[in-house]
Amino acid sequence: MSEERFGEFVLVRRHEQGHVAELVLDRPKAMNAVSTEMARSLSGACAALGEDRDVRVVVLTSTHERAFCVGADLKERNAFTDADLRRQRPVTRGAYTGVLELPVPAIAAVHGFALGGGFELALACDVIVADRTAVVGLPEVSVGVIPGGGGTQLLPRRVGAARAAELIFSARRVEAEEAGRLGLVDEVVEEGRDREAALELAARIAGNSPVGLRAAKRALRLGQGLDLRAGLEVEDAAWRTTAFSGDRAEGVAAFNERRRPQWPGE
């Protein structure tokens with residue numbers, strides 16, 4: 001396994017087997033609160049991962065024992081002028097967009113607190129695996145703002161408009177069991193197993209065609225919010241990128257030869 005650090009607070013681990021990369025939130029002294037520096041590092045790490053054709057799946061993890069991420073660094077913001085906050089906005093927005101726009105499947109491994117921007121980082125992933133200690137929520141209106149890392153758009157896409165409204169307006173925190181029942185997270189595992197379970201899922205996903213995975217994610221994301229006819233056109237365009245690829249030829253050959261495919265990734 002190789003490691004690459006992006007700034008002081010973000011680490012990328014590339015697993016030698018399986019084409020899986022971990023995007024690690026590593027600011028334990030602040031429970032991974034997202035500062036300007038951390039946001040800039042997240043953007044840089046996501047850009048590097050998106051360009052790495054060897055990476056097929058990204059798993060977003062945390063080094064803090066009791067928190068995934070507690071959201072924006074309010075201590076830093078307390079010293080901001082209005083001009084500072086305006087300057088910071090594109091930097092922080094770039095961090096959430098960076099995770100959201102990863103071209104490969106992304107899985108969040110959540111334990112402890114995932115609040116505000118922390119939960120929005122998880123929502124930007126395709127799948128959320130949480131352990132039983134997880135507490136999630138979007139409490140921004142309780143401190144005078146709104147979810148600004150995609151929460152008002154991503155949460156209703158998961159749980160519907162009315163449920164998202166109740167959660168955002170009330171600013172309430174939701175524990176793991178209820179979060180799983182409501183669809184705020186996709187899988188609830190035993191305490192301490194969120195990273196392990198997410199990596200196991202990532203390994204299963206990474207065994208599939210890299211061309212197919214990228215195309216499937218593109219179709220899923222671009223098709224959201226479109227009517228069925230338009231969505232099927234998005235799907236058809238994505239299908240065409242796979243149908244005439246080396247991966248498709250190898251996948252069909254491996255199936256007929258009863259062997260594991262050796263994906264060319266093109």
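Modeller: What follows starts with the salt bridges and then moves to the cores, the strands and a surface patch. Keep in mind that this is a predicted model.

The count of salt bridges comes to 20. Take Arg27 and Asp73 to begin with. Their closest N and O atoms are 2.9 Å apart.

Next comes Asp126 with Arg221. Their side chains meet in a salt bridge at 3.0 Å, N to O. Asp126 lies in the loop between helix H4 (117-123) and strand S8 (127-131), while Arg221 belongs to helix H9 (residues 210-223), so this bridge ties together parts that are 95 residues apart in sequence.

Arg240 and Asp236 make a local pair. The closest N and O atoms of this salt bridge are 2.8 Å apart. Both residues are in helix H10 (residues 228-243), and they are 4 residues apart, so about one helical turn separates them. Arg240 is partly exposed at 47% relative accessibility. Asp236 is partly exposed as well, with a relative accessible area of 28%.

Some salt bridges join up. Glu3, Arg13, Glu22 and Arg195 are linked in a network.

Two strands deserve a look here. Strand S1 (residues 2-6) pairs with strand S2 (residues 10-14) in the antiparallel sense, over 5 bridges. Glu4 stands opposite Val12 in S2. S1 and S2 form a hairpin, with 3 residues between the strands. Gly7, in the turn, has a positive phi of about 65 degrees.

There is also an open sheet of 4 strands, in the order S5-S7-S9-S10, with mixed pairing. S5 and strand S10 (174-175) are its edge strands, each pairing on one side only. Strand S7 (residues 113-115) and strand S9 (residues 135-137) run parallel and are joined by 3 bridges. Phe113 has Val135 in S9 as its bridge partner.

Now the interior. In soluble globular proteins, nonpolar side chains tend to be buried together. The largest nonpolar core here has 52 residues. Among the residues that touch the most other members are Leu23, Phe68, Phe119 and Leu155. Helix H1 (residues 36-51) gives this core its largest share, 6 residues. Apart from this core lies another, of 15 residues, including Ala109, Val189, Leu201 and Ile205.

What does Leu155 touch, not counting residues up to four places away in sequence? Its contacts are Phe119, Leu123, Leu138, Gly160, Ala164, Leu167, Ile168 and Leu184.

Last, the surface. Leu74, Val143 and Val145 form a nonpolar patch there, and together they have about 270 Å² of accessible area. Leu74 is in helix H2 (residues 74-78).

Conventions. Residues numbered from 1 in each chain as written. Predicted model: local features only at pLDDT ≥ 70, side-chain atom pairs only at ≥ 80, totals over all residues. Heavy atoms only, no water. Patch = residues over 30% accessible without salt bridge, like charges linked within 9 Å, V, L, I, M, F, W, Y side chains within 5 Å. Areas by Shrake-Rupley, 256 points an atom, 1.4 Å probe, with all protein chains shown as cover. Salt bridge = Lys/Arg side-chain N within 4 Å of Asp/Glu carboxyl O. Core = buried A, V, L, I, M, F, W, Y, C linked by side-chain atoms within 4.5 Å. Buried < 20%, exposed > 50% of the residue type's maximum accessible area, 1.4 Å probe, protein only. Contact = heavy atoms within 4.5 Å. Pairing = 2+ DSSP bridges.
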